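Biologist: Please show me how to read the features of a structure, one at a time.

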Amino acid sequence: MTERLLLWYRARTQREQYLVLAAGVIAVLVLCYFLVVPLGDALDSAKARHADAVIALGETQVRVDAVKAAQTQRVAPLDAPLEAVIRARANDAGFALASVTPQGGDRVQIAIASARPGALVGWIAELEAAGILVDRLATTATGDHGVAVQMTLKARGQ
């Protein structure tokens, strides 16, 4: 095969040989360009995907650590009925409860006529730290930069 190609090449004039050689060099350059450039783009894309994956892995590990930490923190059981604990904690936080309605042994629905939003969120965070979770929360603006609250609370694990 190569002998036939060399025979064909040598049968050309010197000018044709230069043109065939130049065409071959150009063909090799074009082929290399279309092979190398897409590979470079693919490498850049792979690096970007890898960086995104590393960030996602780190975020996931932080979330897993937070869940594990939350699972290891055992909240002491309530020392009184949930209704009494809620009344005492609301009184300590300065909230006047408009109504307290027990809903079975594991839930309590409360209403607060007016509360400052910042103080309310802080109180809810304290309740959650003590093992009392918000099951349902509804707020409405009262017009004096406060909110009226309807909330159902339950003890953690119930």
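Biologist: Which side chain meets that of E83 in a salt bridge?

Modeller: A salt bridge is a side-chain nitrogen of Lys or Arg within 4 Å of a carboxyl oxygen of Asp or Glu. Here the partner of E83 is R87, at 3.3 Å from N to O. Note that this is a predicted model, in which local features need pLDDT of at least 70 and side-chain atom pairs count only at pLDDT 80 or more, while totals for chains, interfaces and linings use all residues. Residues are numbered from 1 along each chain as its sequence is written, and side-chain values use heavy atoms, with hydrogens and water left out.

Biologist: Where do R87 and E83 lie?

Modeller: Helices (H or I, at least four residues) and strands (E, at least two) are DSSP runs, numbered from the N terminus. Both residues lie in helix α3, residues 82–93. They are four residues apart, about one turn of the helix.

Biologist: Are R87 and E83 buried, exposed or in between?

Modeller: The scale is relative accessible area: buried is under 20%, exposed is over 50%, and partly exposed is in between, with a 1.4 Å probe and protein chains only. R87 is partly exposed because its value is 40%. E83 is also partly exposed, because its value is 26%.

Biologist: How many salt bridges does the structure hold?

Modeller: It holds three. Another one joins D106 and R107, with the closest N and O atoms 3.4 Å apart. D106 has 27% relative accessibility, so it counts as partly exposed. R107, at 21%, is partly exposed as well. R107 also meets D135 in a salt bridge, at 3.1 Å from N to O. That pair links distant parts of the chain, with R107 in strand β2 (residues 107–115) and D135 in strand β3 (residues 132–141), 28 residues apart. Shared partners join D106, R107 and D135 into one network of salt bridges.

Biologist: What about a charged residue without a salt bridge?

Modeller: For charge, Lys and Arg count as positive and Asp and Glu as negative, while His and the chain ends are not counted. K154, in strand β4 (residues 147–155), is buried yet has no salt bridge. The nearest side chain of opposite charge is D135, 4.2 Å away. Beyond neighbours within four places in sequence, K154 is in contact with several residues, including D106, R107 and D135.

Biologist: In what order do the strands of the sheet stand?

Modeller: Strands of a sheet pair through backbone hydrogen bonds, either parallel or antiparallel. Two strands count as paired if DSSP finds at least two bridges between them. This open sheet of four strands runs β1-β2-β4-β3, with antiparallel pairing. β1 (97–103) and β3 each have a single partner strand, so one side of each is left without a neighbour in the sheet. Neighbouring strands are turned by 15° against each other on average, direction ignored.

Biologist: How many bridges pair β3 with β4?

Modeller: Nine, in the antiparallel sense. The two strands form a hairpin with five residues between them, and G143 in the turn has a positive phi of about 95°. A141 stands opposite V147 in β4. Helix α3 packs on the sheet and touches β1, β2, β3 and β4, its direction making about 160° with that of β1. Such angles run from 0 to 180 degrees between N-to-C directions, along lines fitted to C-alpha atoms, for helices over the stretch in contact.

Biologist: Which residues of the largest nonpolar core touch the most other members?

Modeller: In soluble globular proteins, nonpolar side chains tend to be buried together. A nonpolar core is a set of buried Ala, Val, Leu, Ile, Met, Phe, Trp, Tyr and Cys residues joined through side-chain atoms within 4.5 Å. Of the 19 residues in the largest one here, I110, I112, L120, W123 and M151 touch the most other members. α3, β2, α4 (117–129) and β4 each supply at least two residues of this core. Leaving aside neighbours within four places in sequence, L120 is in contact with F95, I112, T139, V147, V149 and M151.

Definitions and conventions:
Contact means heavy atoms within 4.5 Å.
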